[in-house]
Each structure stands twice: as structure tokens, then as C-alpha cells.
Amino acid sequence: MSRPHLSVMLDEVLAAAAPRSGDLVIDGTFGAGGYSRAFLERGCEVIGLDRDPTVQAHADRLANDFPGQFRLVRCRFSEMAEALAEVGPASCDIVVLDIGVSSMQLDQAERGFSFQKDGPLDMRMSSEGPTAADLVNTLDHGPLAHLIKEYGEERESGRIASAILRRRAERPFSRTLDLAEVVEKAVGGRRGAPIHPATRTFQALRIAVNDELGELSAGLEAAEQVLKPGGRLVVVTFHSLEDRLVKRFLNARAGKGGGGSRHLPPQKDVARPSFELVGKGLVEAGAAEAQVNPRARSAKLRAAIRTEAPVWRAAA
């Protein structure tokens with residue numbers, strides 16, 4: 001049976017966002033609509049964004065429950081400025097992002113995100129572009145090993161890439177459990193380990209298929225563009241690559257130094273801070289939530305308030 005979708009760190013998100021009745025909220029990662037519903041219940045107007053076509057039923061339910069308050073726009077969250085322009089206003093009060101794959105997507109075997117159930121080796125959040133099968137069946141050893149190491153932080157990336165190339169020479173990969181079995185054998189099984197041996201490889205492929213780090217970088221810049229002075233940005237991440245990127249972006253925009261991620265555009269001149277950090281910077285899920293919702297165990301929340309400074313411009 002599919003697990004119920006639980007919005008991670010909902011109380012902490014609401015505390016960081018500090019919504020007021022009448023605020024305009026962009027829920028950049030709509031999913032099943034948990035964050036959107038919470039903001040709607042507090043009298044906010046919400047524009048939900050999602051590139052996943054399967055979320056429509058959840059959006060229809062919210063639009064019915066909160067007539068005139070909610071609208072879904074099918075797009076990437078990096079396109080939030082265009083989505084706002086489509087609806088009318090040029091700016092908003094709150095942007096909230098819950099980065100990564102949802103439990104709802106993991107439960108759909110036909111989406112190919114998980115090796116817990118057999119399914120096509122797809123992993124696309126939309127229905128466009130190359131699949132994970134395309135990557136493992138076509139990339140040479142060097143690029144494939146680099147992808148697995150870079151995005152999965154997998155120490156055995158070279159061994160895994162070699163095993164993939166050996167097996168695909170016999171027949172191409174098309175199913176999730178097939179790939180998971182090859183990866184497991186390549187790294188020696190590691191039965192009883194805290195995570196499945198294929199976890200990091202599947203993470204790496206998913207990030208690459210959906211350009212998740214590039215999308216996150218562009219989404220942070222888009223939020224800087226659309227937020228009003230005093231508006232709040234709240235981002236929940238689930239692994240170190242995402243959190244590191246968000247931390248560097250916000251620290252740089254708050255004038256705290258850093259910002260040197262290769263995923264972010266370089267800055268030649270130091271601009272006036274466009275964000276002010278909220279609190280001490282990092283909030284993690286409480287022990288009680290982590291026990292009930294396993295996805296919350298790795299969750300990290302960072303938030304910031306938009307200043308009146310102009311949007312930072314990328315160096316030419």
C-alpha cells in the first residue's frame with residue numbers, strides 16, 4: 001500500500017514563512033499540495049507550480065476547496081517569474097520550495113524513481129527529455145563514473161560504472177530492479193547497511209535526469225527576482241548537495257561571504273545584500289517527526305527575508 005504523503009517540516013515552514021491573511025504565496029514544488037493547503041487555510045492566495053503532470057488531481061481538489069484562492073501553473077519553479085506574469089502580479093510575499101523527489105513519486109513504480117518496486121528506468125519528473133535508462137545505456141565510463149560520484153557522492157563510482165558497462169554490453173538496462181541488482185553486486189552487497197547499496201547511484205541519476213541542481217540554482221535566483229521587500233524565501237532540502245548550494249547562495253546574498261559554488265553564477269562585484277538570513281540559518285526536523293516520517297530525517301530548512309536591494313546580476 002502506498003504511504004500517505006506527509007509534508008515535511010510543515011510547522012517549521014510556516015514559522016519561517018510567517019504568513020498573513022492576504023499574502024500571495026508561490027509554492028514552487030506543489031506535489032500533493034500539503035504546503036499549499038496550509039497557506040490557504042491561513043487566508044493566503046497560492047500559486048502552485050509543478051512540472052509533474054500527475055499532480056493535477058491534487059490541484060483540482062484545492063481549487064474546489066478554496067475557490068478563487070488557488071491556481072496551479074504547470075512549469076518548473078525556475079520559471080516562477082513567468083508564472084506570476086501569467087497570473088497578473090509582478091511580485092509575491094512568500095516563496096516556498098521543497099526540493100527533491102516526493103514520497104508520492106517514489107510510490108509510483110511506473111515513474112522509475114525507486115528500486116523498492118520494479119518499474120521502467122525513467123526518473124523524469126516531467127515526461128520530457130532523456131531517461132535514466134538513456135544515461136546508463138549510452139554514457140562512456142568516465143562521464144558515468146563522474147556523474148555517480150558527483151551527484152551521488154558515491155565512493156565506488158568507478159566500480160559501479162564498470163559493472164554497468166559490462167552488463168549493458170550483453171543487453172541494455174530498462175528496469176529499476178535490474179540496475180539496482182548490478183550496483184549491489186558491484187559494491188559487494190553491504191547487506192544490513194543503513195542505506196541500500198544502490199541509493200546513491202539512483203540519487204545521482206535522478207539529479208542528472210532532472211537537472212536538479214541547475215534548476216535549484218535558477219529557482220533561487222528567480223525567487224530573488226519575484227519576492228517583494230520583506231518577502232520570505234523558505235527552502236527545504238534533503239541531501240548535502242542541495243543544502244550546500246542553498247547555504248552558499250543565501251550567505252552570499254546576505255553579504256556573509258561564500259557563494260563560490262560552481263552551480264551558481266560568479267559575481268565580480270559585491271552588491272548590496274538582497275537577503276537577510278532568518279534565525280541561525282539551519283533548522284532540522286524534530287525527533288518526533290523524523291520517527292513518524294522517514295523522509296524528514298535528512299531534511300534541512302533555510303530561510304531568508306528579501307531586502308530592498310536590487311537583484312544581483314550574473315557576471316558577464
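A residue is called buried when its relative accessible area is under 20%, exposed when it is over 50%, and partly exposed in between (1.4 Å probe, protein chains only). The model in these views is predicted: local features need pLDDT of at least 70, side-chain atom pairs count only at pLDDT 80 or more, and totals for chains, interfaces and linings use all residues. Residues are numbered from 1 along each chain as its sequence is written, and side-chain values use heavy atoms, leaving out hydrogens and water.

**View 1. The whole protein, to get your bearings.** You can look for 13 helices and eight strands here; helices (H or I, at least four residues) and strands (E, at least two) are DSSP runs, numbered from the N terminus. Of the 316 residues, 51% are buried.

**View 2. R302 and D243 form a salt bridge.** A salt bridge is a side-chain nitrogen of Lys or Arg within 4 Å of a carboxyl oxygen of Asp or Glu. In this pair the closest N and O atoms are 2.7 Å apart. R302 sits in strand β8 (residues 300-306) and D243 in helix α12, so distant parts of the chain, 59 residues apart, are linked. D243 has a relative accessible area of 10% and is therefore buried; R302, at 10% relative accessibility, counts as buried too. The structure holds 16 salt bridges.

**View 3. R253 meets E224 between two helices.** Their side chains form a salt bridge at 3.1 Å, N to O. Because R253 lies in helix α12 (residues 240-253) and E224 in helix α11, the pair ties together parts that are 29 residues apart in sequence. Both R253 and E224 are buried.

**View 4. Helix α11 is largely enclosed by the rest of the structure.** Eleven of its 15 residues are buried, including L213, L216, L220 and V226. How far apart are the end C-alpha atoms of helix α11 (residues 212-226)? They are 20 Å apart, which agrees with the 21 Å that 15 residues should span; the expected span is 1.5 Å times one less than the number of residues.

**View 5. D178 reaches R167.** D178 belongs to helix α9 (residues 176-186) and is buried at 17% relative accessibility. Its side chain makes a polar contact with the side chain of R167 (2.6 Å). A polar contact is a pair of N or O atoms within 3.5 Å; within protein, one must be able to donate a hydrogen and the other to accept it, and residues adjacent in sequence count only if both atoms are side-chain atoms.
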